[in-house]
Amino acid sequence: MLPASIQITGELLSATEVQDICESLKEDGVRLLSVRGCQLSDRDFGRVCRSVAASRSLAQLNLNLGVVSSLSRTRHLADALATNRSLQTLFLHGSPLLDAGLAALNPALSTHPALVCLDLGDCMLGEEALALICGMLPPDGAKSGLRELTLSANPRIGSKGWARFAIAVAHSSQLRVLNLDYNPLGDQIAAMLAVAVASSRTLEVLDLEGTGLTNQSAQVFLDMVENYPTSLRVLVLAENDISPELQQQISDLLAEGEDEDSRDAPPGLPGRTPSSALQPIREKHQPLTWLPHSNAGPPMVMLTSGLGESLLAETEM
């Protein structure tokens with residue numbers, strides 16, 4: 001029997017439900033576990049983490065929207081990741097990690113042998129955390145690193161941190177999808193990112209929705225895709241002060257490049273993976289407003305805006 005998926009959203013998990021989840025994990029009966037927005041006791045969270053550590057089938061773990069709500073829980077998760085060897089995708093969107101939490105997770109994240117997709121959006125990260133994330137994007141010739149990274153809505157990161165991050169992106173040997181939406185980047189940081197994109201041989205999707213850009217940034221990206229070879233196939237510029245005309249010009253040029261790649265593929269071999277297939281299924285919304293955490297209290301997270309989201313779809317290994 002193939003491993004199954006367990007997907008639960010926004011519920012208060014009983015000890016019995018947690019026990020069932022743990023047993024399935026230990027029996028290698030789960031490939032995808034999603035408990036986004038769920039409440040469970042600290043004791044039960046520790047039990048789940050120990051079962052994650054023991055699982056050899058778990059490929060995707062979704063703890064979005066406040067499940068990892070304290071530093072002690074973060075440490076439990078770090079211990080689990082240090083032992084687990086199967087996990088490929090980890091979603092922590094909307095977790096109040098702060099720099100201290102990312103520092104606790106970093107040794108396990110940066111050395112995990114299978115992890116390729118990481119969502120750290122809305123995690124209240126700062127400069128120190130971003131410096132650690134740069135280490136997860138190793139340059140050519142180094143160890144394998146992340147292929148998909150989400151850092152949406154982390155406004156504590158400043159221009160110095162983003163500049164250093166742009167250098168890491170430029171030299172990453174693996175990164176294909178980068179989501180930076182709803183960060184106050186502005187045109188100056190966008191220009192640095194454009195240089196990084198032009199240098200990257202792997203980056204295919206860049207989401208800059210709602211990042212405070214103007215036509216100045218769009219013109220830089222237009223010049224890049226019009227005059228220089230690039231791997232980029234999707235550039236999201238919605239919710240910025242950019243004219244529709246410029247956005248359409250960029251989109252058309254990127255589409256032309258994708259068509260050329262498909263035509264140039266050797267006979268009998270597939271062309272570049274369609275860009276729509278590369279876009280990660282993830283939380284996509286404005287930053288969160290945090291409520292005090294209580295194991296027995298009301299929901300831990302209140303959304304400040306509507307959430308348009310679909311659950312992770314199971315794919316063949």
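**Salt bridges in a predicted model**

Me: Arg-56, buried or exposed?
Reply: Arg-56 counts as exposed, because its relative accessibility is 69% (exposed is over 50% relative accessible area, buried under 20%, partly exposed in between; 1.4 Å probe, protein chains only). The model is predicted, so local features need pLDDT of at least 70 and side-chain atom pairs 80 or more, while totals for chains, interfaces and linings use all residues. Residues are numbered from 1 along each chain as its sequence is written, and side-chain values use heavy atoms, without hydrogens and water.

Me: Which side chain does Arg-56 meet in a salt bridge?
Reply: The side chain of Arg-56 meets that of Asp-28, at 2.9 Å from N to O. A salt bridge here is a Lys or Arg side-chain nitrogen within 4 Å of an Asp or Glu carboxyl oxygen.

Me: And where do those two sit in the chain?
Reply: They belong to distant parts of the chain, 28 residues apart. Asp-28 is in the loop between H1 and S2, whereas Arg-56 is in the loop between helix H2 (42–54) and strand S3 (60–62). Helices (H or I, at least four residues) and strands (E, at least two) are DSSP runs numbered from the N terminus.

Me: How many salt bridges does the structure hold?
Reply: It holds three salt bridges.

Me: What does Arg-73 pair with?
Reply: Arg-73 forms a salt bridge with Asp-42, with 2.7 Å from N to O. This pair also links distant parts of the chain: Arg-73 lies in helix H3 (residues 71–83) and Asp-42 in helix H2, 31 residues apart.

Me: How covered is each of them, Arg-73 and Asp-42?
Reply: Arg-73 is buried, because its relative accessible area is 1%. Asp-42 counts as partly exposed, because its relative accessibility is 36%.

Me: What about Arg-47, which partner does it have?
Reply: Arg-47 forms a salt bridge with Asp-44, and the closest N and O atoms are 2.9 Å apart. Both residues lie in helix H2, and because they are three residues apart, about one helical turn separates them.

Me: Changing topic: where is Glu-27?
Reply: Glu-27 is placed in the loop between helix H1 (15–26) and strand S2 (30–34).

Me: Then is Glu-27 buried or exposed?
Reply: Glu-27 is exposed, because its relative accessible area is 63%.
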